[in-house]
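Student: I've got a model open and I'd like to talk it through with you. Can we go step by step?

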Amino acid sequence: MVKKLLLALILSIPSMAFAQKFGVINTEALIAELPQVQEVQATIEASSQRYQAEFQKLKSEFDKKYTEFQQLDNGTPQVIRERRLQEIQELDQKINQFRKTVTEDLQRQENELMEPIRNNVTAAIQSVGIDGDFIIIFENTPTVYTRSDVVDVTPLVKAKLGVE
């Protein structure tokens, strides 16, 4: 009895394998094509330009103080030289901290703005998977081999998202 059950199971496995559908998608390429992503990029670019203007102000201030420091004559008391040098160093630290803060803020903005887009794409992929009765949808990264019966679901997901 057990042997017959095992034999029936072994014989049914290949037929189950033929009924399975696999799909592939390049999510990053799909996301890059979405119009919402261009809006996100424009928002990030606008923020970046505002930060760049502020950075230029800081850099101009630094350059001015550095030039003034270099123009001090040899008769300038050491205390004044040290104070000016300290101001330059503090301004340099301020510029470096500003760079770090700007980088973090731009990354945070991008993550916040892209999250709903990524969630929509994930939901569309899941919907295509369910509607198309796919067993699994793989990320279409460069693969060594893909059989011809693997379905590229990118057009189906684009249709779900309303993108041509």
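Student: Is Arg108 buried, partly exposed or exposed?

Tutor: Quick ground rules: this is a predicted model, where local features need pLDDT of at least 70, side-chain atom pairs count only at pLDDT 80 or more, and totals for chains, interfaces and linings use all residues. Residues are numbered from 1 along each chain as its sequence is written, and side-chain values use heavy atoms, with hydrogens and water left out. Buried means under 20% relative accessible area, exposed over 50%, and partly exposed in between (1.4 Å probe, protein chains only). Arg108 has a relative accessible area of 38%, so the label is partly exposed.

Student: Which residue does the side chain of Arg108 meet in a salt bridge?

Tutor: A salt bridge here is a side-chain nitrogen of Lys or Arg within 4 Å of a carboxyl oxygen of Asp or Glu. The N to O distance is 2.4 Å, and the partner is Asp105.

Student: And Asp105, is that one buried or exposed?

Tutor: The relative accessibility of Asp105 is 14%. Because the cut-off for buried is under 20%, Asp105 counts as buried.

Student: How many residues apart in sequence are the parts that Lys160 and Asp131 tie together?

Tutor: Their side chains meet in a salt bridge at 2.6 Å, N to O. Lys160 lies in helix H5 (residues 154-161) and Asp131 in helix H4, so the pair links parts whose separation in sequence is 29 residues.

Student: Which residues do salt bridges that share partners join into one network?

Tutor: One link is the salt bridge between Arg83 and Glu87, at 2.7 Å, N to O. Those two both lie in helix H4, four residues apart. The network joins Lys65, Arg83 and Glu87.

Student: How do H3 and H4 run relative to each other, roughly parallel or antiparallel?

Tutor: Helix H3 (residues 35-70) and H4 pack with their axes 10 Å apart, at an angle of about 180 degrees. Axes are lines fitted to C-alpha atoms, for helices over the stretch in contact, and angles run from 0 to 180 degrees between N-to-C directions. Angles under 35 degrees count as roughly parallel, over 145 as roughly antiparallel, 65 to 115 as roughly perpendicular and the rest as oblique. So H3 and H4 are roughly antiparallel.
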